[in-house]
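Dear colleague,

Please find below the structure that I am handing over to you. My notes on it come after the model.

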Amino acid sequence: MGSMGKVLGVGLVVGCAVAMCVVAGTMVGKRVKSRRRWTKVVKVLEEFEEGCATPVEKLRQVVDAMAVEMHAGLASEGGSKLKMLLTFVQNLPNGSEKGVYYGLDLGGTNFRVLRVQLGGQRSAILEPGVERQPIPEHLMTSTSEVAKFELFDFIAASLQKFVEKEGNGSVALEGKLRELGFTFSFPMKQASVSSGILIKWTKGFSIHDTVGKDVSECLNQALERRGLDMRVAVLINDTVGTLALGHYHDEDTVAAVIIGTGTNACYLERSDDIIKCQGLLTTSGAMVVNMEWGNFWSSHLPRTSYDIELDSESPNPNDQGFEKMISGMYLGDIVRRVILKMSQESDVFGLSFSKLLTPFILRSPLIAAMHEDDSPDLREVARILGEILEIGDVPLKVRKLVVKVCDVVTRRAARLAAAGIVGILKKMGRDGSGSTASGKVKGGSHTKMRRTVVAIEGALYTSYTLFREYLNDAIADILGEDISSHVVLKVMEDGSGMGAAVLAAAYSSSGQDTL
Ligand code: ADP
Ligand code: MG
């Protein structure tokens with residue numbers, strides 16, 4: 001304004017000076033406005049960040065809440081949002097299994113058929129074949145009368161093709177019933193290890209006339225219709241498969257966690273603690289419990305207005321609350337909602353941001369790619385904003401803002417998952433808090449922490465490095481370095497399907513010593 005005053009003071013051509021003054025005034029106004037808009041955007045970020053905060057004291061509250069809810073879910077049917085489902089898996093593979101077994105994995109993004117060959121003595125698993133394929137969309141959400149036949153026929157047909165492709169390796173199997181482990185990752189009510197009734201569909205599946213039906217029976221009938229000499233030996237969900245494979249490799253494995261499209265966990269519980277099923281006779285004194293932890297809820301979870309909107313606009317409001325803050329299906333949509341809010345508060349993303357209105361347009365691999373963009377000018381962020389959201393020419397400081405949003409969402413997700421894991425350890429008396437003696441073994445004059453292995457699977461943990469680092473760090477934060485050094489998270493690649501096949505071996509009619 002100082003120089004303008006001088007110009008005015010000279011007073012050469014008044015009209016021109018006035019015009020200039022107006023132009024300059026608008027420019028200054030723009031700058032002030034843009035600064036104000038930037039302040040607004042930063043405020044959106046700051047409020048979001050504050051709402052997502054997970055200081056270690058808060059995580060410990062989540063740990064306690066998880067352990068409390070586990071108790072409640074074991075005490076009575078419907079006692080908690082955690083279903084704590086009985087799996088009737090009482091024996092986990094111990095490495096002595098031998099033979100050729102098959103696995104099917106249904107319930108994620110891809111459907112898998114596989115075969116394993118086991119040699120006993122905890123041998124490496126030969127995996128002569130795996131086949132992955134997406135489930136045809138029309139089979140996932142069919143409302144037709146024959147829908148359930150179509151889905152199970154699709155599975156049986158894939159299995160048949162797979163078996164027919166087998167080479168000479170299968171000669172030894174001739175005349176022998178092939179035993180199958182079926183991973184079916186939806187909540188089931190089970191009364192035996194080889195059967196289960198579908199409680200509800202999740203993860204976008206919805207098929208007419210299947211809820212309440214026995215899943216193994218549906219598949220066995222489809223196998224029979226095709227003349228396949230195979231039967232379902234074990235029916236499990238993906239976490240149980242991951243636990244089984246983990247235990248095959250390492251007998252200290254007592255729990256498993258999946259963080260992929262959805263999230264869930266299971267662990268080995270003492271039969272005596274499964275109060276809702278008193279008098280449960282188990283040979284081993286233990287049973288794997290499928291927590292269905294995606295549905296966990298606690299007032300201690302750091303929830304924001306974006307989470308509330310995501311939930312209320314979802315097909316399953318008030319359901320799967322933990323999953324909606326953690327798993328791959330949802331992370332990108334939380335990020336989208338925050339960026340959308342920013343774009344509505346200001347024009348930092350330009351004026352055309354209609355793509356931001358499309359639900360689920362940002363998938364979690366894109367979030368990972370932006371978050372992990374280490375180019376100095378955040379080229380990958382610019383590319384994704386341009387190509388996916390059709391937002392061009394985003395200045396560097398705005399790209400940085402987007403990265404920060406990804407960071408806040410992912411960090412919260414990873415730290416909450418870590419708190420969930422420690423909650424399981426606490427329930428098992430393996431968190432070092434000493435409330436239960438079972439977690440410690442006498443070691444001379446002092447008690448030592450027992451080694452605890454948690455098998456883990458899912459692309460969020462295996463493929464998203466920053467997510468994995470945040471999760472690992474949070475476990476150390478909560479437990480302290482000393483205790484967390486006894487806790488090992490072991491990745492089980494393809495654990496859900498492989499584990500089903502290995503568990504089928506453990507339960508096969510040929511009989512093995514287990515656990
Ligand atoms: P599923 O859970 O479907 O059985 P995965 O464990 O492979 O299978 O998980 C797939 C989920 O993980 C998808 O939701 C996908 O968006 C997410 N995902 C896959 N790759 C990555 C990645 N590199 N970074 C972040 N998320 C990923
Ligand atoms: Mg999976």
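This is a predicted model: local features need pLDDT of at least 70, side-chain atom pairs count only at pLDDT 80 or more; totals for chains, interfaces and linings use all residues.

Residues are numbered from 1 along each chain as its sequence is written, chains are lettered from A and ligands numbered from 1 in the order in which they are written, and side-chain values use heavy atoms, with hydrogens and water left out.

Overall composition

The protein contains 17 helices and 15 strands; these are DSSP runs numbered from the N terminus, with helices being H or I of at least four residues and strands E of at least two. Of the 515 residues, 53% are buried, where buried means under 20% relative accessible area, exposed over 50% and partly exposed in between, with a 1.4 Å probe and protein chains only. Among contacts (heavy atoms within 4.5 Å) with a separation of 6 or more, 71% come from residues 24 or more positions apart.

Sheet and hairpin

An open sheet of mixed pairing is formed by six strands in the order S1-S11-S10-S9-S14-S15; two strands pair if DSSP finds at least two bridges between them. Its edge strands, each pairing on one side only, are S1 (85-86) and S15 (487-491). Helix H15 (residues 465-479) packs on this sheet and touches S9 (253-259) and S15, its direction making about 165° with that of S15; such angles run from 0 to 180 degrees between N-to-C directions, and axes are lines fitted to C-alpha atoms, for helices over the stretch in contact. Within the sheet, S10 (residues 263-270) and S11 are antiparallel over five bridges, and Glu 269 stands opposite Met 287 in S11.

Elsewhere, S6 (residues 188-192) and S7 (residues 195-198) form an antiparallel pair over three bridges. They make a hairpin with two residues between them, and Ser 192 stands opposite Ser 195.

Helix packing

The axes of H11 (residues 364-371) and H12 (residues 379-387) are 8 Å apart, and the two helices pack at an angle of about 145°. H11 contributes Leu 366, Ala 369 and Met 370 to the contact, while H12 contributes Glu 380, Val 381 and Ile 384.

Aromatic groups

There are 13 aromatic pairs in the structure; rings of Phe, Tyr and Trp (its six-membered ring) pair if their centres lie within 6.5 Å, and planes under 30 degrees apart count as stacked, over 60 as edge-to-face and the rest as tilted. Phe 296 and Phe 322 have ring centres 5.1 Å apart and planes at 85°, so this pair is edge-to-face. Because Phe 296 lies in the loop between S11 (286-290) and H8 (305-312) and Phe 322 in H9 (residues 321-326), the pair ties together parts that are 26 residues apart in sequence. Both Phe 296 and Phe 322 are buried. One aromatic cluster comprises Phe 182, Phe 184, Phe 186, Trp 201 and Phe 205.

A loop residue

Val 211 lies in the loop between S7 and H6 (215-225) and, at 46% relative accessibility, counts as partly exposed. Leaving aside neighbours within four places in sequence, Val 211 is in contact with Leu 198, Ile 199, Lys 200 and Trp 201. Val 211 and Ile 197 are 14 residues apart in sequence, with 7.4 Å between their C-alpha atoms.

Yours sincerely
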